[in-house]
Amino acid sequence: AAALLVRGRLRLDRKESPEAAADFRKIKEMKDDLSSASVRNDADYHLAEIARAANDRKTIETCNRLIMLNASSAPLAMVTLGRFHAVTKEGDHVKYIAAGLSKVPHIRYLREYGFDMNEFCAEMEWLWSAEKGESPLRYLAVVDELVRLHPGNLRYLRMRASLSRQVAEAFRSEANALRRDNPAEAEKLDKTADSHFLVAALQHMQISLDKRRSADDTLAAHQGAADLFLAGKFYTKAAEQYAMIALLSPQEKRPALFKQATALREGGILTTDDADRPGALEVFERCIDRDSPANDISRRALIEKGKILADLGRHEQAADLYGQIVDDKEGLFGMTPDAEEWKQSLYARGESLYRAALRRKREEVKDYPQYLGEAKRTLLEFIARYAQPRPHRLCMMASQMLALCFAEEGDLPRTVEFFRKAIGFGAGREEEMGDDEKEALKRAYFTLGDTLYALDKYEEASQCYEDATRRYSASRDRIWGLVGLARCHGKLGR
């Protein structure tokens, strides 16, 4: 009987299921004095596994009998029963699998029964990837048992991280769907998502701290932790991990530095005076390869550096930086007007010049009209280049900025012209706009009414206010439109 059991297991390893089943059935048919109960029960377990693979309902009867007998194979019988229920959708299959694994004493037990761990893990990953929302969390009990049986196993730790990430992404997706209509509930879901991203990141951190890991595994663990910290909005932690990647891998240095700077910027750490703990501005500067500024990361870092300078109120410096890109006569940056980075730089230069002009006006610096004039020239160039045939997404912002420039100069007819252009460029694009763009478009609607009112065009102004209040009926700025509308009615004697 023992020999038949061994031969049957060998045949299973060779994928010879019919021959293996014949051996196991022979054991069942033997007289009691020729085979022990434990060997017969083990044969029953293997027959149950063969039945499960064939989707045969005999699996249920055999597994339940082994469980009732508390046979040595009972833990695996519970796992087999759970796997069968996963296919037939009967009962809580995860509960059976986790309960069975919890009774497995050690990894050698699984090896003795020829348990195919690769097949089992692939099956679990497939099952939880097909589930929605937080229901995959149930599988953590299964993965935790695998980690218990084989502490430090790289695959199981990665499975745990992958599972937490899937749950986090499900919560984030649900939050995004509710963000506009139910922001309070979306915020709660965001916090839950962040907590699961943190759990997943910490799994990768555990791998990275294990000195037994290969250099490649350690690097991959830092990368996984960094990306998950960033997704969960743990920006300082993400930046620390990207900095570590830059130290560990010369090949990944610049991409890692770029991501480090991005994390710092998202975390609000724009600049510091500490060389050991730099801010986003200083790290973006490190990304720029002065010997090869035309590479992709250098170009992107230049633009991001300009954005941070603008955020810091250093508008003149930002304008100069963007000017280096758009006036690149030596071809150092490898960009043409068709490149997206060039388009962004041209618009950003115009905006920076406008912001610099406003500040210089407040500070009573006499050259502010020169900055305003250069801002207009730059933004008009952007519109001329990119309004046709299909308007660039920044045409709306450029038009709105031009309207503000003309308003500063007191040229109200041109102000009206460009507010109308902004509204035209923004029509039908609200779904793809960012928050800043949506706010700019909203202000264009209301400020157009104000400008027409200042030109004594009360009928047109009243129509603008009416359109704006109808369009933004849920906004607090609706009061702005209603007051303007009342003033127009007063002027028109209505």
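Val 199 is located in helix H11, which spans residues 183–208, helices being DSSP runs of H or I with at least four residues, numbered from the N terminus. Because its relative accessibility is 37%, Val 199 is classed as partly exposed, that is, between buried (under 20% relative accessible area) and exposed (over 50%), with a 1.4 Å probe and protein chains only. Val 199 and Lys 343 are separated by 144 residues in sequence and by 40 Å in space, C-alpha to C-alpha. The model is predicted, with local features requiring pLDDT of at least 70 and side-chain atom pairs pLDDT 80 or more, whereas totals for chains, interfaces and linings use all residues. Residues are numbered from 1 along each chain as its sequence is written, and side-chain values use heavy atoms, without hydrogens and water.

The largest pocket has a volume of about 880 Å³, a volume being the space filled by probe spheres set on the points. Its lining comprises 31 residues, with Tyr 347, Glu 351, Leu 394, Met 397 and Asp 436 nearest the centre, and H18 supplies the largest share, seven residues.

The second largest pocket, of about 580 Å³, has among its lining residues Arg 179, Arg 180, Glu 430 and Tyr 472, and H22 contributes the most to this lining, with four residues.

How values were computed. On a 1 Å grid over the protein atoms alone, a cavity is a set of points where a 1.4 Å probe fits but cannot get out, and a pocket is an open set with protein on both sides within 12 Å along at least five of seven lines; lining residues have an atom within 4 Å of a point. Helices (H or I, at least four residues) and strands (E, at least two) are DSSP runs, numbered from the N terminus.
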